[in-house]
Amino acid sequence: MAIDIDYFLKIVASITADEKVPVVDLIAVQSRDPFKVLVATILSARTKDETTAVAAARLFKKAPTVDALAKLSLNTLEKLIYPVGFYKNKAGFLHALPEALKRFENRVPDSMNDLLSLPGVGRKTANLVLCTAFQKQAICVDTHVHRIMNIWQYVDTTTPEQTEHALRAKLPKNHWLSVNSLLVAFGQSICRPVGPRCDICALEPQCPQYGVTPRKLPMQKVTNQDRQRFISWNVNGLRALEKKGFVDIVGDLNADILAIQETKAQPDQLSDALKNIDGYTSYFNWAQKKGYSGVAVYTKKEPLQVTKGFGHEEFDNEGRVLTLEFPTYYFINIYFPNSGAELKRLTYKLEFNEALHAYLRQLNTNKTLIICGDYNVAHKEIDLKNPKTNVKNAGFTPEERAWMDHFIDSGFLDTFRMFNTEGGNYTWWSYRFNARAKNVGWRIDYFCVDQASQERVLDADILSEIMGSDHCPVSLDFRS
Ligand code: SF4
């Protein structure tokens, strides 16, 4: 199946947003000088960016212009650019460069043919100079671009030059300038030449992975003692569920930690049976408004600390967040707002999401994050039965989905999708139209963890057989 290149490059851009800018792009932006871009590009071939940056800075101190470069001896050049790869050859190219540039009035030319006439300049270097120094419509094809475009089966080529020509024929022009730096950063960080990190790659569900052997994660020996089972469930009213046997269900689920959303109750409205379930300690956060929102956590293990809310009064008065701190992780139970009828609460929800995201990122500087709850958004089209007819409805608006993209791209994993990439897996069904029996549902309940903790995720599932609410529970098995 052909990939959607716009979507793929958009995802790559968001994944690599925090990666360092390639040194040649940096020099282009900082100096806006084609001479420096050309010299840095020559230095950068087969050399790490850090090494190129240091060598270029040393060289430009002595030779910021063509005239100054002409005054340096070959020996001095070798010393200045050492230890870039093939420094002797490159020093020779740079030594010959001023003479070659005389034909162009000591200026770097801006056409492919003229650039190719310069010492040490091949197609890749010429294209990179055209893109970065002159903003011309050129496609630089680094080995990463060649490799990844073939993995994606966007092209079917055997050499970078063939890839360049194939891309010229089919890649939309708006990607020409940026595709090289994007795929270089992506190829160095995620889609590595050896052992690409498909297990954490957001493109994995759609990627053809042509000719790829993904990295193997080290097998972890997990004993029952290490393995913890977490369950999250929007119960749509804890008191109502009590009448349907909630306490017995908790015993059957046998979770180490059970997170509940939409309790719709303040603690003084709850029975002792609900507050003191055998084997568990319970914690509650509730809304000021009675019968609305609210979350709870039942845990077998005592937490070090429990925090209600996340420090924003305008959100905390709806009792939507409980954070339990354990020695090696934070467990965060969240009931995200619903955008509501006619999307009246969309703005509130997006503001909540942003503030919460900032809170999570700040927590994650410390320990693993396990973030569960009713996110009130179906992330992708496969996460609901009828995507086309719901694009303007709460829970599937472009704005809510964009936030979820942004959240995942910022370094979190949707654990269910680590094990199951099929559609038809839902966690919520309307009470109307016999929707649950027909499996006309939405997947809006999630367990997410930070990417760094991915290897601790042992399993994730949807427990659709558990009845009692319009949501079913979701689970995460985690190495403690
Ligand atoms: S899924 Fe794997 S092969 Fe495909 S782009 Fe991601 S890392 Fe590369």
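## Helix H6 and its cover

Helix H3 (34-44), helix H4 (49-62) and helix H7 (87-101) are among the elements that cover the buried residues of H6. Helices are DSSP runs of H or I with at least four residues, strands are runs of E with at least two, and both are numbered from the N terminus. Contact requires that the C-beta atoms of two residues, placed from the backbone, lie within 7 Å. The buried residues of helix H6 (residues 74-81) are Leu-77, Leu-80 and Ile-81. A residue counts as buried if 20 or more other C-beta atoms, placed from the backbone, lie within 10 Å of its own. Because these residues cover an arc of only 85° around the axis, they are on the same side of H6. The arc is taken over the directions from the helix axis to the C-beta atoms.

## Basis of the model

The model is predicted: local features need pLDDT of at least 70, side-chain atom pairs count only at pLDDT 80 or more, and totals for chains, interfaces and linings use all residues. Residues are numbered from 1 along each chain as its sequence is written.

## The chain and its domains

The chain has 19 helices and 14 strands, and its C-alpha trace spans about 90 × 45 × 45 Å along the principal axes. Of its 480 residues, 41% are buried.

An automatic or database assignment gives domain 1 (5-200) and domain 2 (227-479). Their C-alpha centres lie 46 Å apart. Four residues from domain 1 and four residues from domain 2 form the contact.

## Nonpolar cores

A nonpolar core is a set of buried Ala, Val, Leu, Ile, Met, Phe, Trp, Tyr and Cys residues joined through C-beta atoms within 7 Å. The largest such core has 67 residues, and Phe-230, Ile-332, Leu-369, Ile-370, Ile-371 and Phe-447 have the most contacts inside it. Strand S7 (residues 329-335) gives the most to this core, with six residues. A second, separate core of 60 residues includes Val-12, Tyr-87, Val-121 and Ala-185.

Neighbours within four places in sequence aside, the contacts of Phe-230 include Ile-370, Phe-447, Ala-255 and Leu-476.

## Around the ligand

The ligand is surrounded by 13 residues, of which Cys-191, Pro-196, Cys-198, Cys-201 and Cys-207 are the closest. A residue belongs to these surroundings if its C-beta atom, placed from the backbone, lies within 6 Å.

Conventions. Buried ≥ 20, exposed ≤ 12 C-beta atoms within 10 Å, placed from the backbone.
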